[in-house]
Amino acid sequence: MTQHKHTFDVLKNNILAEMASMRSFVEVLKLEQQALVDNNADALIAITPQKNELLTSILGMESQRSQSLVSLGLSTDAAGMQALLSQATHAALTEHWDTL
């Protein structure tokens, strides 16, 4: 397996994991919102560690994505990701990125 292919696979798997974590984060935010509406301090206290854990995980995945882009010779910003996605061979990755 070439280094480019390996890095691409890592990047694709990372984006899929980011998508799952972001979905979980949105669900936790909905729970938090409801706890705020209900003025339920106990629920808020219980939600906070879960929210912090998800945020830490998402930030770690963002860092991994940046490292993958750098290893492909791309910048770590939106322009770097767009440069990667502009390659016709990455249609599946484009779909996942658009979802994220």
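In this predicted model, Glu 18 has a relative accessibility of 4% and therefore counts as buried. Its partner in a salt bridge is Arg 65, with 2.9 Å between the closest N and O atoms. Glu 18 belongs to helix α1 (residues 3-37) and Arg 65 to helix α2, so this pair ties together parts that lie 47 residues apart in sequence. Arg 65 is likewise buried, at a relative accessible area of 11%.

The salt bridges number three in total. Another of them joins Lys 51 and Glu 32, whose closest N and O atoms are 2.7 Å apart. This pair also links distant parts of the chain, since Lys 51 sits in helix α2 and Glu 32 in helix α1, 19 residues apart. Both Lys 51 and Glu 32 are buried.

A further salt bridge, between the side chains of Glu 27 and Lys 30, has an N to O distance of 3.4 Å. These two residues are three apart in helix α1, and about one helical turn separates them. Glu 27 is partly exposed at 43% relative accessibility, and Lys 30 is partly exposed at 46%.

At its start, a side-chain oxygen of Asn 40 comes to within 3.3 Å of the backbone nitrogen of Asp 42. The helix has a kink of about 30° at Ile 47, shortly before Pro 49. Ile 47 is one of the buried residues of α2, which also include Leu 54, Ile 58, Met 61 and Leu 69. Just after the helix, Gly 73 adopts a positive phi of about 80°.

Conventions: Residues are numbered from 1 along each chain as its sequence is written. This is a predicted model: local features need pLDDT of at least 70, side-chain atom pairs count only at pLDDT 80 or more; totals for chains, interfaces and linings use all residues. Side-chain values use heavy atoms; hydrogens and water are left out. The bend at a residue is the angle between axes fitted to the seven residues ending there and the seven starting there. Helices (H or I, at least four residues) and strands (E, at least two) are DSSP runs, numbered from the N terminus. Buried means under 20% relative accessible area, exposed over 50%, partly exposed in between (1.4 Å probe, protein chains only). A polar contact is a pair of N or O atoms within 3.5 Å; within protein, one must be able to donate a hydrogen and the other to accept it, and residues adjacent in sequence count only if both atoms are side-chain atoms. A salt bridge is a side-chain nitrogen of Lys or Arg within 4 Å of a carboxyl oxygen of Asp or Glu.
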